[in-house]
Amino acid sequence: MSTENGQNNGQSNGQADEQVVTLKGMYQDYFLDYASYVILERAVPSIEDGLKPVQRRILHAMKEMDDGRYHKVANIIGQTMAFHPHGDAAIGDALVNLGQKDLLIDCQGNWGDTRTGDRAAASRYIEARLTKFALDVVFNPQVTEWQLSYDGRKNEPINLPVKFPLLLSQGADGIAVGLSTKILPHNFNELIKASIKILQGKRVKIYPDFSNGGLVDVSNYNGGKRGGKVRVRAKIEQVDKNTLAIRELPYATTTSNLIDSIIKANDKGKIKIKKVVDNTAKDVEILIELASGISPDVTMDALYAFSNCEISISPNACVIINDKPHFLTVEEILHTCTEQTRELLRQELEIKKGELEEKWHFASLEKIFIENRVYREIEECETWEAVIETIDRELEKYIATPKDKPTKSDKRLRLMRDITEADIVRLTEIKIKRISKFNSFKADELIARLEEELKQVKHDLANLTEFTIAHFERLLEKYGKGKERKTKITEFDTIQAAAVVANNAKLYVNRKEGFIGTGMKKDEFVCDCSDIDDIIVFRKDGKFQVVRISDKVFVGKDIIHVNVWKKGDERTTYNMVYLDGKTGRSMAKRFNVKAITRDKAYDLTTGQKGSKLLYFTANPNGESEVISVLLSQSSRARKKSFEYDFNDLDIKGRASKGNILTVYPVRKITQLEVGKSTLGAQKVWMDEVSGRLNTDDRGIFLGDFDTGNSILLLYKDGSYEISDFDLTRRFDPKEIIHIGKFDPETIISAVYYDGNKGWTMVKRFKVETSKNNQRFNYITDHRSTKLLFASIEAAPQIQYSMKVKSKKIEGELKVAELIDVKGWKALGNKVSEQRLTGIRKIESSSLDQKLKAGDSIDFDIDTNGQGKMF
């Protein structure tokens, strides 16, 4: 055998060189053939009908078997094998997959559950038939192109004439050689409405919809093309303060793998839960019981961050067009499917028009043949040719064909086409019985009906777009019920994993030796942290660095400060004084650390030999401070001590040199007092949908929050809460009457029905409790007790009504005049021995919150700028 470069080994007998086929050539040809086969025949759907070959063959086999009754799936698989050159397992899996989409196949028996991941029963136990929708829109042999099956014994469709955007409704997944496709399913009704808009010349935008429900963020969908991305989430509800419930799953996620991901996150310490219970039956329900003291709001975010409660899907819309793969947007696919539907309807109308014309043609011939007794003229004919010629000649007396020029005197019936010999032969086959019972009136009725139908078909062809729109509207009306959108389109907040991860570790430090870590339990405890946190370390030599947390890591000796570091933190401000080793000056500076290169050491001094830190503090909210500076006794300074206020320094970058504090040697620096934040208060909003606090101008403005400020919340159940200001906290807007910045002098006015006494009571009080993050009920705890009205307005006025002896009485109350400010536990004063109804606040110049029984939440703004009123 010769080598690839053409060199041949000689043979002693002088025989001719052997012909060689190189491995490179074999690989190129065979691999391309194989890749093309997989792409076209296995993995990627055709744009014409939205089906892969195995799906098309299954539907064709089911159509051939269709008799209106259910068939064993094993039998369907066997029939499909006459068209599909692969094993029964592949056909069975594809059939179950089609059936679970609940669109084309009517299933009976245990077909598995996509929510739980349970498999379908064996094919001999389950049955199927085509749905009415499939029979209506998928099949029409008259407009179907056919080809021989793989063994040449039968005909199979090249593509099915689907008059609906089936590909986008069902979605498609496939991995071929060198490419893949992933088309997400879309909503049935939305696709039909979008197709109608396309036919009307309007632009459309469509988004995925999943049978599992859940939530989807389509902001980066990119029309389903490569490079796009959608994020899908489970729907999580808070049952109570210790329990969360998952009632809808993300797409392509099952209850079992979702629970596994939650348990895995718990085992790694990312979240803290007691147990997970799967109660899924008819509806999905996964209950998550939280550990004591764990916030359900933070846990909800952590579930999205660390489990399959949120997954990212990258679509890749690839379809076969003219035997080649093409990458399109879903809107382009929908346009193609809509135009194809119009073309199929046109073909069907043309066929129907031809059929009606043929029926009219023969009905007219038959009427003339019998009424004018043309059949008597053939009695003397001796040959078949004479019979044909005689009938043709006699018909010309009563019928004009398209080739005959029309004249006013010509009263003959004008046909739509010429008379053929086949028409005459068909007339000779009319039985004597039919001739003897021929009814001219009924014949006229039939011809008139055919003409009316033909007129309608021609009208539909002339107005094909309107006819196509009517087709889609009929599908929507007939099959659209129960196919409403299940997945809610929303925009997700970006959850920072470090902000919601449970503190599953403890940080320790050995300052002298220069080690930090989570495994150094004999050393100094710093704080709780998580195993994904970054740690910032400052040393006495004026250098700092940020490292990833681990069991034990060396960061340099003489550590003066260590803590968890958050990227982009603009609030934490570091105040420091350092000695410049070159000039001997003491420099003061303030700076943030917002971005770094991990494990790199940064010098906060000038870097000269002898430079070192003299004073350092870390301030989480940019607080200033006043320090006392004591100079060396041997210095020449007249004043050996003085005070310095860091408030006079601007906050700059970490590389700034700072301002000169003193040129004399410093003996000691001590802190005299901590000031307020020099960064100013943070403007805080609450998102009305998620209830999350933010500083991004999104939602309801709550106020300006500075160091030590708290949040006041009034709830519909008659309780209040003073909450620490924490941007990771989430509230439920449906439960809240008021949320805003807390002022200790705020007076809360409330009107409530006391279930114990059956009276309507009024009370006014200030918040006296000192414990934060705990709800306090300020009305009685009887089950019939109900809060009717609450406000933080100084002097609220309300209107009310009540029934006395079947008579409706209305009135007004000035709440501040009915009772003085008392303790929060006081019952208050009696307003009426009956329950007041229809309570409504009388609006004044100051807009405040109100609560009426059964009202939805209203959003007003406090005039004092301290929050939103519901």
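Reply:
**The patch and beyond**

Ile-660, Val-663 and Tyr-664 make a nonpolar surface patch of about 250 Å². The model is predicted. Take Val-663 as the way in. Val-663 sits in the loop that runs between strand E34 (659-662) and strand E35 (666-677). Is Val-663 buried, partly exposed or exposed? Val-663 counts as partly exposed, because its relative accessibility is 45%. The patch also rests on a cut-off: its residues have over 30% relative accessible area and no salt bridge. Val-663, at 45%, is over that value.

Now to the helices. Helix H7 (residues 188-199) packs with helix H15 (residues 464-479). The angle is about 165°, and the axes are 10 Å apart. How do H7 and H15 run relative to each other, roughly parallel or roughly antiparallel? They are roughly antiparallel, because an angle over 145 degrees counts as such. The crossing of H7 past H15 is left-handed.

H2 and helix H3 (residues 73-80) give another packing pair, with an angle of about 110° and axes 9 Å apart. That angle makes H2 roughly perpendicular to H3. H2 passes H3 in a right-handed crossing.

Helix H10 (residues 330-371) and helix H12 (residues 421-428) come next. Their axes come within 11 Å and cross at roughly 55°. H10 is therefore oblique to H12. The crossing of H10 past H12 is right-handed.

Side chains of opposite charge can pair when their charged atoms come close. How many salt bridges does the structure hold? There are 39. One of them joins Glu-156 and Arg-57, with 2.9 Å between the closest N and O atoms. Glu-156 belongs to strand E5 (residues 155-159) and Arg-57 to helix H2 (residues 53-65), so the pair ties together parts that are 99 residues apart in sequence. Glu-156 is buried, and Arg-57 is buried too.

Other salt bridges link residues with nearby numbers. Asp-113 forms one with Arg-115, and the closest N and O atoms are 2.9 Å apart. Asp-113 counts as partly exposed, because its relative accessibility is 21%. The cut-off for buried is under 20%. Arg-539 pairs with Asp-541, where the closest N and O atoms are 3.4 Å apart. How do the two partners of that bridge sit? Arg-539 is buried, because its relative accessible area is 11%. Asp-541 counts as partly exposed, at 33% relative accessibility.

Salt bridges also form a network. Which residues does it link? They are Asp-217, Arg-231, Arg-233 and Glu-310.

Next, the backbone. Most residues other than glycine have a negative phi. Ala-252 has a positive phi, near 65°. Ala-252 lies in the loop between strand E11 (243-248) and helix H8 (255-267). Ala-252 is exposed, because its relative accessible area is 59%. Exposed means over 50%. Asp-558 is not a glycine, yet its phi is also positive, at about 60°. Where does Asp-558 lie? Its place is the loop between strand E25 (553-554) and strand E26 (559-565). Asp-558 is partly exposed, because its relative accessibility is 42%.

Last come two pairs, viewed by sequence and by space. Lys-741 is in strand E41 (residues 736-741). At 24% relative accessibility, Lys-741 is partly exposed. Lys-741 and Ile-711 are 30 residues apart in sequence, and their C-alpha atoms are 4.7 Å apart in space. Glu-285 and Thr-341 are 56 residues apart in sequence. How far apart are Glu-285 and Thr-341 in space, C-alpha to C-alpha? The value is 41 Å. Glu-285 is in the loop between strand E12 (273-278) and strand E13 (286-290). Glu-285 counts as partly exposed, because its relative accessibility is 23%.

Back to the starting point. The patch is made by Ile-660, Val-663 and Tyr-664, and Val-663 holds its place in the loop between E34 and E35.

Notes. Residues numbered from 1 in each chain as written. Predicted model: local features only at pLDDT ≥ 70, side-chain atom pairs only at ≥ 80, totals over all residues. Heavy atoms only, no water. Patch = residues over 30% accessible without salt bridge, like charges linked within 9 Å, V, L, I, M, F, W, Y side chains within 5 Å. Areas by Shrake-Rupley, 256 points an atom, 1.4 Å probe, with all protein chains shown as cover. Salt bridge = Lys/Arg side-chain N within 4 Å of Asp/Glu carboxyl O. Helix = DSSP H or I, 4+ residues; strand = E, 2+ residues; numbered from the N terminus. Buried < 20%, exposed > 50% of the residue type's maximum accessible area, 1.4 Å probe, protein only. Axes fitted to C-alpha atoms, helices over the stretch in contact; angles between N-to-C directions. Parallel < 35°, antiparallel > 145°, perpendicular 65-115°, else oblique. Left-handed = near helix turned anticlockwise from the far one by under 90°.
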